[in-house]
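Trainee: I would like to learn how to read a few features of a protein model. Could you walk me through some?

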Amino acid sequence: MPARLSEAFINHPVHLNQNHIDFNSAKEVPDSYTWPPIHDDSSPADYGYDVESSVPVIDLSDPISSVKGQISHACESWGVFQITNHGVPMDLLEKVQTEGKRLFSLPLQQKLKAARSPDGISGYGVARISSFFPKLMWSEGFTIAGSAVDHARKLWPQDYINFCEVMEEYEKEMKLLAGRLMWLMLGSLGINKEDLQWAGPEGKFKDSCGALQLNSYPACPDPDRAMGLAAHTDSTLLTVLYQNSTSGLQVTRDGGKWITVPPIRGALVVNIGDLLHILSNGRYPSVLHRAVVNRKCHRLSVAYLYGPPMHVQISPLSKLVNLNNPPLYRSVTWSEYLGTKAKHFNKALSSVRLCAPLNGIIDVKDHNRVKVG
């Protein structure tokens, strides 16, 4: 059983098209990157006019009872929310942004020196989900699972220490914040430390796993015919995203129109992953999201992918299950689920669903239990 996230990815490789272009010199979108036209069917929330249709923004300095109530509503209704006053220093966010830009501004051939191996996770390369789509995406990424030293040294043989120190500090801050967010989410479901043994005796999630994912979306000459990152859900418990000042992240609500998550200075975006969807027995659904590109602006985002220890069995929490609400999903480790995701992609969650628990049948559309006979 893999003990580390990197080992799990090695055990569950995907076959990627490792075609790379120099985005900075591209004057048009090549056919291999040309998607069907992206129609602007987004909601008015894209422009901040419709408060009722905007992704919730939660101030973590509010009273905890209020925060839990807001989180419960956001998780059940949206699967995503933004947080302010989260405790991550603004100067650290700016340092991460600076180092990310320094990385992606390197010449392509230099970046390829730190290319991730075909069966690895760390390093420079295309999105792991690329293998499920016939067209390539207008983006490039750099993944850090564990130490960044080996790959950073290849990028800057004489000047890699600052990059590594900034990313290490940011990863530590994200792990602490993710643990705090987990208890706010679980607390809003009525779950306490005694209900989750793998959180550890003090409930600090010390053995949890995580990775940093830096994403670069260069300015695109024809953004309506390109895709930054195609629609997907995350395999995580939760993902914490810093998107700075350039918009591009979009989410769907109830499978409807795409809604842009507007950038807020210093705020972080939190979205629910498939494992929390399972843990909450479907009450807190994972959110389908994508990234679109911009004609004039380069966009950089930094995602922290947070999950449980690799060996822990994730299943609907016993407090959330009863005769009227039977378990909707079978038990699965993150390592096993990553393998399922590598095979079935966005159908992975359905593949671990229990179709007929107890004496009922699950309605796949709305998670309701329909009694038989």
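Predicted model: local features only at pLDDT ≥ 70, side-chain atom pairs only at ≥ 80, totals over all residues.

Trainee: At what angle do helix H2 and helix H6 pack?

Mentor: Two packed helices are described by the angle between their axes and the distance between those axes. Here H2 (residues 64-77) and H6 (residues 161-188) pack at about 80°, and their axes are 8 Å apart. Angles of 65 to 115 degrees count as roughly perpendicular, so H2 is roughly perpendicular to H6.

Trainee: Which residues make the contact?

Mentor: From H2 come Ile64, Val67, Lys68, Ile71, Ser72 and Cys75, and from H6 come Leu184, Met185, Gly187 and Ser188. Six of these are nonpolar, three polar and one charged.

Trainee: Now the sheet: in what order do the four strands run?

Mentor: Strands of a sheet pair through backbone hydrogen bonds, either parallel or antiparallel. This open sheet has the order S6-S11-S8-S9, with antiparallel pairing. Strands S6 (229-232) and S9 (258-260) are the edges, each pairing on one side only. S6 and S11 (residues 289-291) are joined over two bridges, and Leu229 stands opposite Ala291 in S11.

Trainee: And the backbone angles: what is the phi of Asn244, and what is that of Phe345?

Mentor: Most residues other than glycine have a negative phi. Asn244 has a positive phi of about 55°, and Phe345 also has a positive phi of about 55°. Asn244 sits in the loop between strands S7 and S8, Phe345 in the loop between helices H8 and H9.

Trainee: Is Phe345 buried or exposed?

Mentor: Phe345 counts as buried, at 9% relative accessibility, while Asn244 is partly exposed, with a relative accessible area of 21%.

Terms used. Residues numbered from 1 in each chain as written. Heavy atoms only, no water. Axes fitted to C-alpha atoms, helices over the stretch in contact; angles between N-to-C directions. Parallel < 35°, antiparallel > 145°, perpendicular 65-115°, else oblique. Contact = heavy atoms within 4.5 Å. Nonpolar A, V, L, I, M, F, W, Y, C, P; charged D, E, K, R; others polar. Pairing = 2+ DSSP bridges. Buried < 20%, exposed > 50% of the residue type's maximum accessible area, 1.4 Å probe, protein only.
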